[in-house]
Amino acid sequence: MEVIGERARQLPAPQHVVWDDLVHPRTGGPRSWLLLLDDEVEPRILAADRPDRVVWSSLWPNRPDDEVHLSLAPAGGGTLLRFRLQTPDGLPDASRTGHLRRRLNQLLFGDLRAAYGQ
C-alpha cells in the first residue's frame with residue numbers, strides 16, 4: 001500500500017472517548033462531527049483495537065480501496081491522533097491528493113476537535 005498522506009495532532013479528549021467517536025462517528029445529535037461532503041460516504045469500520053487503533057474504509061466512493069488507518073496514544077490528558085491514508089491503487093494526481101489530505105485534516109483535527117469544545 002502506498003501512503004497518500006499522514007498527519008498527527010493532539011486532541012483534548014481522553015483516548016477512550018476519541019476511540020469511541022471514531023468507531024461510532026456522530027452524524028447527528030449534540031456532538032455531531034462527521035460532516036461529509038456530497039461526494040463522501042460514512043466510513044465502515046474495517047478493524048478496531050480498543051483503545052489505540054481504528055481502520056476506516058474509504059470516504060470516497062470513487063476510491064473504494066483506500067483505507068484510513070487511525071492510531072491513538074495518550075498525550076497529557078488528551079489523545080495524540082494520527083491518520084494515515086493508504087491506497088493499493090497508486091497515488092492520485094497532486095490536486096486530488098491535496099483534497100483528500102485536506103478533508104481528513106478538516107474532519108479529524110477541525111470538526112472532531114470542535115466537538116470537544118475547542
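Author: Two strands pair if DSSP finds at least two bridges between them; helices (H or I, at least four residues) and strands (E, at least two) are DSSP runs, numbered from the N terminus. In S3, Trp56 is the bridge partner of Ile45. This is a predicted model, in which local features need pLDDT of at least 70 and side-chain atom pairs pLDDT 80 or more, while totals for chains, interfaces and linings use all residues. Residues are numbered from 1 along each chain as its sequence is written, and side-chain values use heavy atoms, without hydrogens and water.

Reader: How do you know that S2 and S3 pair?

Author: Four bridges join S2 to S3 (residues 53-57) in the antiparallel sense.

Reader: What makes S1 and S2 edge strands?

Author: The open sheet has five strands in the order S1-S5-S4-S3-S2, with antiparallel pairing. Strand S1 (2-11) and strand S2 (45-49) each pair on one side only.

Reader: Which strands does helix H1 touch as it packs on the sheet?

Author: Helix H1 (residues 15-23) touches S1, S2, S3, strand S4 (67-75) and strand S5 (78-87). Contact means heavy atoms within 4.5 Å. The direction of H1 makes about 165° with that of S4; axes are lines fitted to C-alpha atoms, for helices over the stretch in contact, and angles run from 0 to 180 degrees between N-to-C directions. Helix H2 (residues 94-115) packs on the sheet as well, touching S1, S3, S4 and S5, and its direction makes about 20° with that of S1.

Reader: How do you know that the chain agrees with a compact globule?

Author: The globule rule is 2.2 Å times the number of residues to the power 0.38, with the radius of gyration taken over C-alpha atoms. For 118 residues a compact globule would have a radius near 13 Å; the protein chain has 14 Å, and therefore agrees.
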